[in-house]
Amino acid sequence: MSGALQGAHLTVVRGRRTILDDATLAVPSGAVTAILGPNGSGKSTLLRVLGGLWRPTSGEVTLNGRPLSTVARSEVARHVAFLPQDTRCDFAFTVEEIVAMGRLPHRGRFAPAGVRDHDVIDEAIASCDLESLRTRTVDRLSGGERQRVAIARCLASEPTVLLLDEPTAHLDLEHALTVFALCRSLAAAGKAVVMATHDLAGASRVVTNAVLLREGRIVVVGPPLEVLTPARCREVFAVETEVLVTTDGRPAFVFSSPGASERSASSLGVHE
Amino acid sequence: MSAQATATIRALSETRGDTRVRGRIRPVVFYSVLIPVFVLAGIAAVAIGSTSLEWSMIARVLAWKTLPAGWVDVGVITRADEAIVWLIRLPRVLVAAIVGAGLATAGVMMQGLFRNPLAEPSLTGVGPGAVLGAVAVFVTGWGASSVLALPLASIATALLALLVVYGIATRGGTTPMTTLLLAGIAVGAFLTAISSLLISINIVTWQAAQEIVFWMMGGLDSRTWAHVWLSLPFVLVGFIAALLQSHTLDLMLLGEETAASLGVEVEPAKRLLVVTSAILTGASVAVAGLVGFVGLVVPHAVRLLLGPAHRSLLPASALTGATFVILCDLIARTVRPPAEIRLGVVTALCGAPLFLLLLMRRLKEEEEA
């Protein structure tokens, strides 16, 4: 197993509840990995443990072969970026100020931002389509705009691993697709991108690798087509799945609740 | 070069030129107004009083006291001039500045730490803790033994209160901020009750009761150089510690998880910030009693003008707080001479309407947006 970030037998127990149960996985560089699973299946916990924000009750995460618990937080910050679910901020920082904070792991406590810092900040702002909002304050942005600012802040850290918790939540279709495309190009540039998401249909068109979680345990790891089989989707998500192939040759998943087809058919007065 | 790249570069150079943020003013403008106001307020506070003094006399006394012997002609300085400038008014103005800077800095830190613009310095039980120490000194009569007994006792109990609150709120090495807030409020209420109990069962003279009530309203009457030297080191060290944490404070405003992911060791950082703000608050309350609204209004107002980034917010708030308290104290002792109004009354009377004004401005802006 290879990858920039690896987790071995990760278990997280909070009180009497086991939130994550013996999860072992490698986050491959150069690929987008989706962490899928219903609410409460442990997706966010797995991301936090992988990013070193939570220490696992047992098991170990390694970054480039070194145990994460032995690496200083500031050094982890230079390699691993984390996008939390909640990016709300009531304080009137400008978009540029927030994105610039992504450079802090690379700067000394009193070193002013250098030319290179500014270049990276500009690039991050441009790739998230934020130029027009640069001097706007984030307390006045919409949820989707704020999400893009947070993603740009992650990019400004120039991480080798990006851990994104619901990166497309709050985003309209256009910007959600932009984020997915951005993830693909980051992976193409050699970075390891991991996203926890509920958008199975959207993510499955982008990702090369999917991890399916259920009640804290990893059910299966593999390409979306192999992970999201109709039988598994019925078992884990309690939904029916139909797989189509679109004109670009990629799979498209269509989900429906069980029995929905019969219900809608009967409500239309159609009888078999 | 592709058309898209050219467009991107053009967009970048255009936005680079326009770095002004709506509603904010530049730090240069801020300081070029505030520094003269601060200096003038200081001079006015030394000059104005029951005996008015020429500014030239103030300058002469200051020069005589601070420059090497023989540089200043001391012939025209009377003993009364010397006493009024050097022993009575100057230490009082300096204590006002120290207290204002300390409370404003502590307010900035607490608001950053709690991610809440309504947080104020004494939230973690520090204020009620300081009060209890002072009340204990009053009712035991230790205050008579030394002028420093009261401030030292109140700093000690303030830090002790914080220790208790932090200990209660911490489980397994982590301290959730909501728990800290709730523990602070509960412990604060408990300590306030003990203070009231001590007052109600121990008061023998009307005068002692009045002294305690006056102290709790905040005031700078009869402050001496001893009070300056007692509070200055704490506030200076606290301010520098705060400034060193300015990036951490910025990151904490984005939430603890984001801060941690950007390299902040969150729990040690929180401990350092809480202790620093407690030292600032404790030292201020110790020499001035409870002076409300400075730690709430000043950071709020300065943040509106300069933005929330702490590297500029901290020094600007400290200077604004110092100026604000000097002016409030000047009002407190000159409005109805020879009696004084309590300082805490003036800061609240000026601060509360100011706060409401800021609030209404914000609501109006939100309506327009």
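In the predicted model, a contact between two helices of chain B involves Pro91(B), Leu94(B), Val95(B), Ile98(B), Val99(B), Ala101(B), Gly102(B), Thr105(B) and Met109(B) on the α4(B) side. Their counterparts in α9(B) are Trp225(B), His227(B), Val228(B), Ser231(B), Leu232(B), Val235(B), Gly238(B), Phe239(B) and Ala242(B). Sorted by class, the contact of α4(B) with α9(B) comprises 13 nonpolar and five polar residues, with no charged residues.

Two packed helices are described by the angle between their axes and the distance between the axes. Helix α4 of chain B spans residues 79-113, and helix α9 of chain B spans residues 225-244. The axes of these helices come within 9 Å and cross at roughly 30°. Angles under 35 degrees count as roughly parallel, and α4(B) and α9(B) are therefore roughly parallel to each other. The crossing of α4(B) and α9(B) is left-handed.

In chain A, six strands form an open sheet with mixed pairing, in the order β6-β7-β8-β3-β9-β10. The edges of this sheet are taken by β6 (80-83) and β10 (217-222) of chain A. Each of these edge strands has a single partner strand, so one side of each is left without a neighbour in the sheet. On average, and with direction ignored, neighbouring strands of the sheet are turned by 15° against each other.

Within the sheet, strand β3 (residues 31-36) of chain A runs parallel to strand β9 (residues 209-214) of chain A, and four bridges join the two. Ile35(A) has Val211(A) as its bridge partner in β9(A).

Definitions and conventions:
Residues numbered from 1 in each chain as written. Chains lettered and ligands numbered in written order. Predicted model: local features only at pLDDT ≥ 70, side-chain atom pairs only at ≥ 80, totals over all residues. Axes fitted to C-alpha atoms, helices over the stretch in contact; angles between N-to-C directions. Parallel < 35°, antiparallel > 145°, perpendicular 65-115°, else oblique. Left-handed = near helix turned anticlockwise from the far one by under 90°. Contact = placed C-beta atoms within 7 Å. Nonpolar A, V, L, I, M, F, W, Y, C, P; charged D, E, K, R; others polar. Pairing = 2+ DSSP bridges.
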